[in-house]
Amino acid sequence: MSSALSPSLRRDLGLVFWQIRYEQRSYWRNRGRGILTFVFPLMFLVIFATLNKGARLHELGGLPYDDFFVPGILAYAIIGTTYVNMAIGTAVLRDQGILKRMQGTPLPRWAYVAARIGATVLIVAAITIVTLALGAIAYGVNIRVSTLPGLIATLVLGTAAFTTLGIGITRFISNAEVAPVIVNLTILPLTFISGVWFPTTGTPKALNDVAGFFPIKPLANGLQYAFNPHTAGAGFNATDLRGLAIWTAVGVWLMVRYLRQPQGEVA
């Protein structure tokens with residue numbers, strides 16, 4: 001297969017893999033970023049799952065609390081490692097002039113974007129494995145083989161949606177100092193009405209409608225659907241997957257718009 005690739009493409013792919021390694025080292029060496037996007041979700045999992053161990057959610061047909069919360073906190077972890085990490089990181093790189101200098105290097109823009117996305121996918125895979133392992137070992141959460149296709153599809157679309165949205169929203173962030181504020185304002189309030197922390201069966205319809213418009217609820221609900229022992233079939237929730245697909249398209253459009261503008265400018 002390698003012989004079918006042109007020398008320039010092989011060179012570009014080599015640069016992509018080099019950049020992925022660089023992005024990985026940069027992420028794990030930044031303790032603040034690692035704590036915010038990797039450690040916090042695991043900490044919340046231990047706290048809430050321990051406090052509610054053995055509890056059942058009667059409003060969800062007696063569903064064990066851990067079967068609801070583990071996929072919910074996994075959704076939160078995915079958002080942190082994709083949307084939060086990409087938005088703040090891209091704003092910092094822009095303000096430091098690194099994105100502008102990248103345009104003068106042999107690394108093509110598409111290869112740089114592919115490398116950042118590839119590095120993010122690796123981090124998502126790591127946090128997913130750790131979260132599911134912790135939930136299964138420490139809290140007895142059953143990872144159902146029959147619904148793994150739906151779980152994987154939701155993870156893939158959720159990662160795609162929030163990764164592209166994280167890059168795209170940078171065009172609306174004036175500088176890196178305000179990036180954490182803007183990012184958290186667009187995420188944290190929605191997590192409380194989107195079923196990440198607790199069921200939203202008693203939430204007013206207006207708030208449910210707001211949550212249903214944004215991609216956090218489809219991600220959390222899609223993962224919870226795959227973990228629910230009452231779910232039959234392969235675990236696909238068409239409504240949630242459709243919502244994530246739409247937001248992926250929105251994210252790609254925003255990302256392309258941002259990457260096409262001269263780096264250093266803010267919309």
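Trainee: Which residues have the most contacts inside the largest nonpolar core?

Mentor: The model discussed here is predicted. In general, nonpolar side chains of soluble globular proteins tend to be buried together. In this model the largest nonpolar core has 48 residues. Those with the most contacts inside this core are Y83, L219 and L223.

Trainee: Which helix gives the largest share of this core?

Mentor: Several helices each supply at least two residues of this core, among them α2, α5, α6 (148-168), α10 (216-227) and α11 (238-260). The largest share, 15 residues, comes from α3.

Trainee: Which residues does L219 contact, leaving aside its neighbours within four places in sequence?

Mentor: L219 is among the residues with the most contacts inside the largest core. Leaving aside neighbours within four places in sequence, the residues in contact with L219 are A75, I78, I79, T154, G158, F162 and L244.

Trainee: Are α6 and α10 roughly parallel or roughly antiparallel to each other?

Mentor: L151, T154, L155, G158 and F162 in α6 meet I216, L219, G222, L223, A226 and F227 in α10. The two helices pack with their axes 9 Å apart, at an angle of about 165°. Angles over 145 degrees count as roughly antiparallel. Therefore α6 and α10 are roughly antiparallel.

Trainee: Is the crossing of α6 and α10 left-handed or right-handed?

Mentor: The angle of about 165° describes how α6 and α10 pack. The handedness is a further description of this pair, and the crossing in which α6 passes α10 is left-handed.

Trainee: Which helices do the buried residues of α1 pack against?

Mentor: Helix α1 covers residues 7-29 and reaches 33 Å from its first C-alpha to its last, close to the 33 Å expected. Its buried residues are D12, V16, Q19, I20, E23, Q24 and Y27. One of these, V16, is included in a second, separate core of 16 residues. The buried residues of α1 pack against α2 (31-51), α3 (65-95), α4 (98-102) and α5 (109-139).

Trainee: Is L60 buried, partly exposed or exposed?

Mentor: L60 lies in the loop between β1 (56-57) and β2 (63-64). Buried means under 20% relative accessible area, and exposed means over 50%. The relative accessibility of L60 is 27%, so this residue counts as partly exposed.

Trainee: What separation lies between the C-alpha atoms of L60 and T201?

Mentor: Leaving aside neighbours within four places in sequence, L60 is in contact with F68, P199, T201 and H230. L60 and T201 are 141 residues apart along the chain, and their C-alpha atoms are separated by 8.4 Å.

How values were computed. Residues numbered from 1 in each chain as written. Predicted model: local features only at pLDDT ≥ 70, side-chain atom pairs only at ≥ 80, totals over all residues. Heavy atoms only, no water. Helix = DSSP H or I, 4+ residues; strand = E, 2+ residues; numbered from the N terminus. Buried < 20%, exposed > 50% of the residue type's maximum accessible area, 1.4 Å probe, protein only. Contact = heavy atoms within 4.5 Å. Expected span 1.5 Å × (residues − 1). Core = buried A, V, L, I, M, F, W, Y, C linked by side-chain atoms within 4.5 Å. Axes fitted to C-alpha atoms, helices over the stretch in contact; angles between N-to-C directions. Parallel < 35°, antiparallel > 145°, perpendicular 65-115°, else oblique. Left-handed = near helix turned anticlockwise from the far one by under 90°.
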